[in-house]
Amino acid sequence: MKGRLAVMTKFSADFDIREYTVPEVEPDAALVRITRGGICGSDLHIWRGELQDLIGAPDRGQTFGHEMCGVIERLGRNVTTDSTGAPLKEGDRVTYCYFYPCGRCPACLDGHRAACPNKRRGTRYADDPPHFVGSYGEYYYLRPGHFVYRVPDSISDDVATPVNCALAQVLYGLDRVRVRVGDTVVLQGAGGLGLNAAAVAKEMGAAQVIVIDQIPERLELARRFGADHTLSLQELSRPEDRVGAVKELTGGWGADVVCDFVGFPSVIPEGLQMLKSGGTYLEIGHISPGHKFEFHPASIVWRSQTIVGMIQYEPWAIQRALTFLEQNQRKYPFTEVISHVYPLERIGEAFHEAEWLGRQHSPHKVSRAAIAPWGK
Ligand SMILES: [Zn+2]
Ligand SMILES: [Zn+2]
């Protein structure tokens, strides 16, 4: 059996669509037929070449993408349940972790699998078996050691697509920084992460969610996702104005939690100034190496603040993300997060548009595009 795969051979360019042999499924593995592959902000960083230091040049042909959902095409003979213990069979709709904690390193031993340094997939080169290790192809090979979850019938493919990236990520992140009932939470950036985080923070009991962005339509959407206040970079153009606005909303004390979902270095010192004494700064946005910001250690010492850096999540976050969606997908506009769906052969266009979508100013559009390799 063969399957199609989109392959990046040049940064910021169209993709090659190639055919590869679909791998035989090992006893503890599974093969997924991908129904949606989402284009997340991280994928745009990769496509632009900003992560070349980490992942290498694209000349040999790279496959990537991590946000997706699909249907079980084949199950290895030892796999009879999903990771929650529920029966799993071919034809079931699933979402899954796109990384594989090793279970045998100091981080895993500490129960901190999100920090496992060995959890990346084996290859990024499309020519290397099992080929199907990214989200922009007809199949995904869920290798042994995977975490997989059945998607409830009530959750559509479009809503399920960002579960294993944005939603699981913010659900885990806000849990790690211990958002509590009555907190004020500031979210810097109203992209996929920020929107999901607004709803999650509200449902965790935050009294005030404050979202900062420069695009009015995103701020409007953030309000529908639960934001109590939005701060526009167009209206508050200086960092001190935005810091002042947060102080004003918190009786002069600052926020309990501030989160970077932007990935632009200057937001960090600004966010730290928005934080109350004893507050926690959650850093998720920066994935491109080489960025720097000026930092005054005494400021966090004298104010007993904590900075938490985080990549990915613990596998439990997906199960809870699905439960969260079952309960809240109608309360917040989760069905509008994926705004554009493209067939696999138009993936280059999808990336160019996603790049453009993030900057546009026409109303009711969201910066999330997805690829549907088997059609909508
Ligand atoms: Zn490990
Ligand atoms: Zn992502």
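Domain bounds here come from an automatic or database domain assignment. This is a predicted model, in which local features need pLDDT of at least 70, side-chain atom pairs count only at pLDDT 80 or more, and totals for chains, interfaces and linings use all residues. Residues are numbered from 1 along each chain as its sequence is written.

**View 1. The two domains of the chain.** The assignment gives domain 1 (2–164 + 314–371) and domain 2 (167–309). Their centres, taken over C-alpha atoms, are 27 Å apart. The contact draws 29 residues from domain 1 and 19 residues from domain 2, two residues being in contact if their C-beta atoms, placed from the backbone, lie within 7 Å.

**View 2. The side of domain 1 that touches domain 2.** Helices H1 (41–48), H2 (52–55) and H11 (316–328) each supply at least two residues of this side; H11 gives the most, with 6 residues. Helices (H or I, at least four residues) and strands (E, at least two) are DSSP runs, numbered from the N terminus.

**View 3. The loop between H3 and S6.** Pro130 lies in this loop, between helix H3 (106–109) and strand S6 (139–142), and the peptide bond from Pro129 to Pro130 is cis, with omega near 5 degrees. His131, found in the loop between H3 and S6, is not a glycine but has a positive phi of about 65 degrees. His131 counts as buried because it has 23 C-beta neighbours inside 10 Å; the cut-off for buried is 20 or more other C-beta atoms within 10 Å, and for exposed 12 or fewer, with C-beta atoms placed from the backbone.

**View 4. Ser304.** Ser304 sits in the loop between helix H10 (297–302) and strand S13 (306–309). Ser304 has a positive phi of about 45 degrees although it is not a glycine. With 10 C-beta neighbours inside 10 Å, Ser304 counts as exposed.

Technical notes. Chains are lettered from A and ligands numbered from 1 in the order in which they are written.
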